[in-house]
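Here's a quick tour of a protein chain for you to follow along with. Keep the picture open and look up each spot as we get to it.

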Amino acid sequence: MKKILGIILCLFSAFLIFSIPSNIEAKTLRQMKEELATTKANKSANEAKMREAQARVKKYQNEINSSISEIEKSQNEIEEARIKIQELEEEIKEKQKEIDDLLRFLQVSKGENVYLEYVFGATSFTDFIYRTAIVEQMSEYNDKLIDEMYDLIEKNRQLQKELEAKIQELEKKIESLKKDLAKVNLTLDDLDDEQKDLNAEIKAYEVEIKFYEDYGCKLDQEISDCLNVPYANGFVRPTDSGYISSNFGYRSLNLSGSNFHSGIDIATPEGTKVYPSAPGYVARKVIKSNCGGNMLYIQHSVGGKKYTTVYMHLKSFNVNVGDTVFLTTVIAYSGGGVSTMGYDRCTTGSHLHFGMYDGWTSARANLIDPRTKVNFPPKGSRYYSRW
């Protein structure tokens, strides 16, 4: 049975593969070096944007911290004003008691006019004037003191209102700054992603250029003429079986929002054989990346167009850069589980991440949905063959 299957695969490979057509996009080694220079210039420009975004992040963070400090200061001032009000209210109670005593002194008690008794008890006219003035001054002094205290209480209460209003304004400012900061952080994340893509693209160019130079390609010779890249008219699935656990595109991350998934995830046990989705040659090999782990990039010529496929979270490699691969070539073995989680922070369990780019590139802008080229079943479904 295995022998028959092998014959079928060979026949299918023969059907897919034949010479490169003349209408395929021409690219020379010189053009690739020019593109590398452009990509490096883009990287420098992107670094400048990142520095600008980082400066804005720092500015917003400083403003937020400053506003938080102002809020804390205002809250302390409010508490101090409340304590002062309580102290003044206690003093007013004491003064009110003194006033009550004074009023009782000035009132007629038991049919006698104590005020007159006190005043007319003077031994001389001068003493009479003095006693009269004392009573009036005591009353006026206490009335004035009470009025001053009430004024101070009112000022403190007004200060409380102003400080509370200030805190509300500062809290609104902080919320606005946090929104601005979130936008800048998103921009910074995008720039960081772009920077990683540019770094990867630069590395890919450098590896490719070196491979072409070592291969003997001339500076102005078309790469397709130099390499004789296998040509195919379609793509197939990269494993003999698997379960589609995640699609290409934006996906929910429960309470943490969503992110963009750059390929299709195929749940499969670690050690599963991985094949190229179409004939081609190995352009790039990434070892133990923080996000993606071990990765292979294979470049293809399919239907007169150039494509690149990527295979991530691999347990081990079975090919090297520059190798020509066919549909029956085992290029790697799948990972994503315990064997790769130690260095691959983006894996969520045993699976193969399969991605595709339009052109011989790994630029994020060139990502395409593999479903548009490969016959995958719906998410949540399992397949049992490569076709």
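Helices and strands here are DSSP runs, at least four residues long for a helix and at least two for a strand, and they're numbered from the N terminus. Counted that way, the protein chain has five helices and 16 strands. Keep in mind that this is a predicted model.

**The whole chain**

- Of the 387 residues in the protein chain, 41% are buried.
- The chain exposes about 22,000 Å², and carbon and sulfur atoms supply 52% of that area.
- Take the contacts between residues at least 6 apart in sequence: 71% of them join residues at least 24 apart.

**How confident is the prediction?**

- The average pLDDT for the protein chain is 78, and 77% of the residues score at least 70.

**Ile 64, in a helix**

- You'll find Ile 64 in helix α2, which covers residues 29-106.
- Is Ile 64 buried or exposed? Its relative accessibility is 8%, and buried means under 20%, so Ile 64 counts as buried.
- Skip the neighbours within four places in sequence, and Ile 64 is in contact with Ile 174, Leu 177, Lys 178 and Leu 181.
- Ile 64 and Leu 181 sit 117 residues apart along the chain, yet their C-alpha atoms are separated by 9.6 Å.

**Arg 284, in a strand**

- Arg 284 belongs to strand β9, which runs over residues 280-289.
- Arg 284 counts as buried because its relative accessibility is 8%.
- The side chains of Arg 284 and Ser 362 make a polar contact at 3.4 Å.
- From Arg 284 to Val 207 it's 77 residues in sequence but 7.0 Å in space, C-alpha to C-alpha.

**The disulfide**

- There's one disulfide to look for. Cys 291 and Cys 346 form it, with their sulfur atoms 1.7 Å apart.
- The pair links distant parts of the chain, 55 residues apart: Cys 291 is in the loop between β9 and β10, and Cys 346 is in the loop between β13 and β14.
- Why is this disulfide left-handed? The torsion about the S-S bond of Cys 291 and Cys 346 is about -105 degrees, so it gets that label.
- Cys 291 counts as partly exposed because its relative accessibility is 37%, and Cys 346, at 29%, counts as partly exposed too.

Technical notes: Residues are numbered from 1 along each chain as its sequence is written. This is a predicted model: local features need pLDDT of at least 70, side-chain atom pairs count only at pLDDT 80 or more; totals for chains, interfaces and linings use all residues. Side-chain values use heavy atoms; hydrogens and water are left out. Buried means under 20% relative accessible area, exposed over 50%, partly exposed in between (1.4 Å probe, protein chains only). A polar contact is a pair of N or O atoms within 3.5 Å; within protein, one must be able to donate a hydrogen and the other to accept it, and residues adjacent in sequence count only if both atoms are side-chain atoms. Contact means heavy atoms within 4.5 Å. Accessible areas come from the Shrake-Rupley method with a 1.4 Å probe; for residues, only the protein chains shown count as cover. pLDDT is the predictor's confidence in each residue, from 0 to 100. A disulfide is a pair of cysteine sulfur atoms within 2.5 Å.
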